Amino acid sequence: MRFFCTFFLLLVATLPPGAASAAAGERDDFHLRPGNRWEYTIDDGGSETLFVSKIITIRGIPFAEMTRNGERPLYFLNMGNNLYRFEVIPGSGGPETVPTLLLKSPLEVGQSWISPWGPAPLSFTVLSEGDYPVPAGTFSRTLKIGYRPVSDPIYQGFIWYCPSVGIVAMENNHYRSELKSYTVSDLLPPEAVEGRFEDIAATLGISLETGAATPPDNRIKGERSSEIAKVINRLSIPMFLLAIFVSTLMIIIRLHRKIDLGDDASVHEGEITLASVMVKEGLYADAVKILQKLTEKHPQWPDLAALLGHAYQELGRTEDACLELKRALTLNQDMVPARLDLAAVYLSMDEPSRALDEVDAVLNKNPHFADALLLRGNVYMALGNPDKAAEDFRAALKINPSFTEARDQLSAIKDSGDLKSGS
């Protein structure tokens, strides 16, 4: 698990000091200057140092080399406002080079992007923005980014990125690191490569086996069966062991056996993982039992409150869901998924005006969020305004043409003949 987390820390350690302003057209150097260094403290008392060692040019294309604790170099390519990572340098004669799309502009709350290549395509989403304290200081305008496989609706971890510094913290249920110190070199960064990534990949002899990227939707479905088969084959043994672990704990829970968990942090982390798996599998009642206990011990954790609120929502316990989701947003007002869940709860409580306020708060920051547009369309339907609802469904489909639910809702409005415009 630590390797998995370190992998993601290395993935994003070179995010740009100007990413937040990239949408405004400012130049973006992606922290790829040789000499840049970041030192992190690890939750077990250890440390990690990331260092941009040099620039290597392959067929006229500059790659930045980064090392972790002086070992295992990785390579990064800046193409405009997109950042790509490589396990090995193209043309080195090593294993097949599979790129990962780490950053896709504009980087703002609600923005999602997919790295579609390799056996396990990845999804990234910018969840919130605000101040964040770590040993190196308190950094403003820090973005919280969640990551997960595209086939999994549950985030496997989070990173906190400050535009002027880079990654300031990262965690999942088994690992946490925080920025202790950093140095930014005055050397010139490599020039951004122009053109399409597909053309660059062809020049370098890189095979993009999965083709075009999946549309940026937070609930991506229908991944290619071959990709899923590869993931299952690679993860078969860990998944089997996890299934045994989860099944055993579920049996214990259902037999109402008491477990003295005490205050062991690793046990709490295991409980959070178990609860997340239960929510993913639709075992909401069992998840609620665990989450209720955890929120009593950690009432200041907004992610727990949001997950508990979502489980309540799925169980139809709307008042409890409303309470937990409000508490999550009080602790962190920029939690986009929690705000959308709260809007859905208000809609189910026949309070569409309050639902509209919540979903508008999300769309005011990111008007191109397809899920939020779909939800607002449903809210407008409840308010008796099919024309505005149709506008939102069309906008969602423009962003994500494969959004089946939005297409079905729009067809239903057209079939009903309720559109005043007749379109």
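Two strands pair if DSSP finds at least two bridges between them, and I take strands (E, at least two residues) as DSSP runs, numbered from the N terminus.

I noted first that this is a predicted model, where local features need pLDDT of at least 70, side-chain atom pairs count only at pLDDT 80 or more, and totals for chains, interfaces and linings use all residues. Residues are numbered from 1 along each chain as its sequence is written, and side-chain values use heavy atoms, with hydrogens and water left out.

**Strand E10 and its partners**

I looked up what E10 pairs with. E10 and strand E11 (residues 166-172) run antiparallel and are joined by five bridges. Here I found Trp 160 opposite Ala 169 of E11.

Gly 157 in E10 is the bridge partner of Tyr 147.

**Cover**

Is E10 (residues 157-162) mostly covered or mostly open? I found it mostly covered, with six of its six residues buried (under 20% relative accessible area, 1.4 Å probe, protein chains only). Gly 157, Ile 159 and Tyr 161 point one way, while Phe 158, Trp 160 and Cys 162 point the other way.

**The whole sheet**

I traced twelve strands in an open antiparallel sheet, ordered E6-E5-E4-E3-E2-E1-E12-E11-E10-E9-E8-E7. Strand E6 (99-104) and strand E7 (112-115) are the edge strands, each pairing on one side only. Neighbouring strands of this sheet are turned by 30 degrees against each other on average, direction ignored; the axes are lines fitted to C-alpha atoms, and angles run from 0 to 180 degrees between N-to-C directions.

Conventions:
Buried < 20%, exposed > 50% of the residue type's maximum accessible area, 1.4 Å probe, protein only. Helix = DSSP H or I, 4+ residues; strand = E, 2+ residues; numbered from the N terminus.
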